[in-house]
Amino acid sequence: MSSSIETLEFQAETRQLLRLVVHSIYSNKDIFLRELIANASDALDRLRLESLTDSRLAADSTDLHISLEVDHHARTLTVRDNGIGMSRDELVESIGTIAKSGTAGLMQKIKESKDAATAENLIGQFGVGFYSAFMVADKVTLRTRRAGTDSGTQFESDGEGTYELQSLDDLPTGTSVALHLKPADSEDGLSDYLSEPKIREIVKQYSDFIRWPIRMGAERTDAEDATAHGTETLNSMKALWARPRSEVSEEEYTEFYQQISHDWNAPAETIHMRAEGTFEYEALLFIPSQAPFDLFSRESKRGVQLYVKRVFIMDDCEALMPNYLRFVKGVVDAHDLSLNISREILQHDRQIRGVRRRLVKKVLGALTDMQSKNTERYAQVWTQFGRAIKEGLVEDTDNTETFLELMSAASTHDPEKTTTLREYVERMKEGQGAVYYLTGESRSMVENSPHMEAFAAKGYEVLILTDPIDEVWVDNVQAFDGHRLQSIAKGHVDLDDSADSDQEIDAEKTQRDQDFADLLAWLTITLSDQVKEVRLSSRLTTSAACIVGDAHDVTPTLEKMYRAMGQKIPSVKRILELNPMHPLIAALRSTHDTDASDPALASTAELIYDSALLAEGGDLPDPARFARLLTDRLTRAL
């Protein structure tokens with residue numbers, strides 16, 4: 001028995017919105033099947049829940065599942081479930097949801113948007129759900145009967161101006177959505193959705209972890225070429241993150257990690273967590289043991305996979321993981337997000353920001369535990385990802401102390417092993433007021449730098465920082481555990497620990513300053529294009545000179561980095577320091593005192609500056625001139 005057909009009209013604004021959904025918004029039309037399967041899964045969840053609380057339903061929940069049925073002759077794809085179903089009123093209300101969303105304000109925003117991506121973000125705020133079916137179908141026929149009722153309802157529409165409702169008897173409990181498919185059109189992004197391989201591909205990508213089996217008819221040919229008809233389950237249903245950790249083996253974790261990361265190594269650490277309360281979610285995160293080749297590529301993808309109630313939403317959800325943890329792989333399954341939430345909304349969602357903070361805390365906590373309990377594994381992880389983690393010292397000031405505790409760096413204490421800042425502080429000499437460091441391109445360059453001479457001679461440990469990010473974060477961090485961080489290539493250095501009295505030391509320094517005053521003043525004028533000051537040094541023991549910066553000057557390496565990124569910054573003049581005990585500087589002073597007009601003095605001063613620049617790994621402004629001056633001087637010396 002069936003009733004007469006009732007024809008209803010969509011609201012005018014809803015018609016416009018449907019037209020945008022079908023023709024303008026989504027470039028990837030495969031998501032229609034994700035939406036329909038998600039709706040079916042929700043219906044099965046509701047039936048299971050309501051059957052536990054309402055005995056009057058009398059619904060069979062022993063084999064809850066979703067079926068996909070292909071009819072090549074009729075060109076239909078049907079998504080069927082035996083879930084809770086809908087009454088006529090519920091069906092009309094569900095259809096009205098998009099109409100309620102189709103306000104004049106929304107339509108105005110969409111009209112004002114400049115491109116399809118912006119419009120898609122706006123649509124994502126309201127959801128398309130069932131209506132995404134009209135992207136691939138000329139007509140949609142939905143039949144449904146609610147559990148516990150005797151009659152069902154049929155909805156049918158071509159998605160244009162009207163839809164038809166009809167009451168039907170003898171319908172099974174649940175809902176079926178039959179799509180009368182449009183022809184495949186590659187230019188319009190329409191695949192052949194009657195193709196079983198294509199259906200399997202979509203289910204695997206978007207719905208593999210749905211808790212209910214997704215079944216589809218399949219034909220199998222045996223050894224005798226006889227065809228057998230059967231049913232195949234398309235999804236794995238193995239959402240490891242939804243199971244208690246005690247029920248998941250390490251082999252299962254490793255297999256899942258390899259599946260989502262395409263890395264055939266085992267992960268270094270697995271983080272399995274569940275959050276309950278106002279915003280519920282599960283997360284299964286992995287810290288890899290090997291860095292990907294594109295870790296520092298601008299084009300590399302980052303972020304974890306986002307699911308909503310086991311339905312895949314997006315890969316590389318950057319809103320859930322900061323850039324400095326871009327190597328972390330895994331899944332976050334949120335319970336309270338819309339299936340159609342856009343990346344733009346995620347970036348500004350307060351709850352998502354809260355999830356991100358908790359995920360970051362968990363990952364940093366796992367690294368801290370690894371550092372204290374498994375030092376060998378942590379050393380391997382730091383070797384692979386330390387350079388990325390240190391970016392957090394620039395990007396995430398809320399966790400500065402944690403980053404500093406995690407940091408491991410080479411130092412002059414051991415030529416092979418790295419050290420933590422905590423270990424450095426424990427080894428500091430009595431009376432040492434700062435954590436000393438020097439940045440450079442390589443360990444050998446730093447160790448052979450003239451700046452290192454006095455520190456090596458007096459036994460002070462110096463951190464050797466050779467990653468490009470080190471040039472940046474050291475300016476952002478003032479101290480660790482109450483000890484200031486000081487570059488040995490900046491500012492004044494006082495390492496005098498001799499047995500002489502302070503009065504004797506001061507008197508000796510004053511006399512030396514007087515002896516060299518005229519030479520320093522002349523050099524400051526002569527080299528004024530290159531340096532802002534020439535002074536005597538307390539950090540040199542064997543080299544004649546070195547170049548240093550003021551305490552807050554930008555280093556030459558950082559200056560190069562900024563320029564490489566297209567940022568214009570003024571050149572910073574630095575300071576030339578001379579070793580008053582070096583024979584060359586003593587001879588230069590003697591010659592200047594004897595004859596300040598000697599023309600060889602200026603070229604000698606230039607050679608001293610250029611030599612100091614080369615010693616620290618700098619670039620000569622005029623290499624050809626340096627070669628000529630050096631050749632002339634060597635020729636006269638022979």
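A residue is called buried when its relative accessible area is under 20%, exposed when that area is over 50%, and partly exposed in between. Arginine 512, at 26% relative accessibility, therefore counts as partly exposed. The structure described here is a predicted model, and the values that follow are computed from it.

## Salt bridges

The model holds 36 salt bridges. One of them joins arginine 427 to glutamate 461, with the closest N and O atoms 2.7 Å apart. Because arginine 427 belongs to helix H13 (residues 421–427) and glutamate 461 to the loop between helix H15 (453–457) and S18, this pair ties together parts that are 34 residues apart in sequence. The two partners fall into separate accessibility classes: arginine 427 is partly exposed at 30% relative accessibility, whereas glutamate 461 is buried at 11%.

Helix H17 (residues 502–526) contains arginine 512 and glutamate 508, which are four residues apart and so separated by about one helical turn. Their side chains meet in a salt bridge with an N to O distance of 3.6 Å. Glutamate 508, with a relative accessibility of 47%, counts as partly exposed, as does arginine 512 at 26%. Helix H17 also holds aspartate 513 and lysine 509, again four residues apart, or about one turn of the helix. This second pair forms a salt bridge in which the closest N and O atoms are 3.2 Å apart; aspartate 513 is partly exposed at 31% relative accessibility, and lysine 509 is partly exposed at 45%. Elsewhere, salt bridges that share partners join Arg46, Glu50, Glu90 and Arg146 into one network.

| Salt bridge | N to O distance |
|---|---|
| arginine 427 and glutamate 461 | 2.7 Å |
| arginine 512 and glutamate 508 | 3.6 Å |
| aspartate 513 and lysine 509 | 3.2 Å |

## Charged surface patches

Two patches of charge can be described. Asp138, Asp158, Glu160 and Glu164 form a negative surface patch. Within this group, aspartate 158 sits in the loop between strand S5 (151–157) and strand S6 (162–169), and with a relative accessible area of 39% this aspartate is partly exposed. Arg350, Arg353, Arg357 and Arg358, in turn, form a positive surface patch. Arginine 350, one of its members, lies in helix H9 (residues 350–373) and counts as exposed, since its relative accessibility is 63%.

## Strands and sheets

An open sheet is built from six strands in the order S16-S15-S18-S17-S20-S19, and its pairing is mixed. Strand S16 (414–420) and strand S19 (479–480) are the edge strands, each pairing on one side only. Inside this order, strand S17 (residues 434–439) and strand S18 (residues 463–465) run parallel and are joined by three bridges; tyrosine 437 stands opposite leucine 463 in S18.

A further pairing involves strand S22 (residues 545–548), from which Ala545 and Ile547 point one way while Cys546 and Val548 point the other way, with all of these residues buried. In a regular strand the side chains alternate between the two faces of the sheet. S22 runs antiparallel to strand S23 (residues 574–578), and four bridges join the two. Across this pairing, cysteine 546 stands opposite glutamate 577 in S23.

## Contacts between separated parts of the chain

Two C-alpha pairs relate positions that are separated along the sequence. Alanine 456 is found in helix H15 and, at 58% relative accessibility, counts as exposed.

Aspartate 60 is exposed, with a relative accessible area of 54%. Computed along the sequence, aspartate 60 and asparagine 82 are 22 residues apart, while their C-alpha to C-alpha distance in space is 8.7 Å.

Terms used: Residues are numbered from 1 along each chain as its sequence is written. This is a predicted model: local features need pLDDT of at least 70, side-chain atom pairs count only at pLDDT 80 or more; totals for chains, interfaces and linings use all residues. Side-chain values use heavy atoms; hydrogens and water are left out. Patches are made of residues with over 30% relative accessible area and no salt bridge: like charges are joined within 9 Å, nonpolar side chains (Val, Leu, Ile, Met, Phe, Trp, Tyr) within 5 Å. Accessible areas come from the Shrake-Rupley method with a 1.4 Å probe; for residues, only the protein chains shown count as cover. A salt bridge is a side-chain nitrogen of Lys or Arg within 4 Å of a carboxyl oxygen of Asp or Glu. Lys and Arg count as positive and Asp and Glu as negative; His and the chain ends are not counted. The place of a charge is taken as NZ of Lys, CZ of Arg, CG of Asp or CD of Glu. Buried means under 20% relative accessible area, exposed over 50%, partly exposed in between (1.4 Å probe, protein chains only). Two strands pair if DSSP finds at least two bridges between them.
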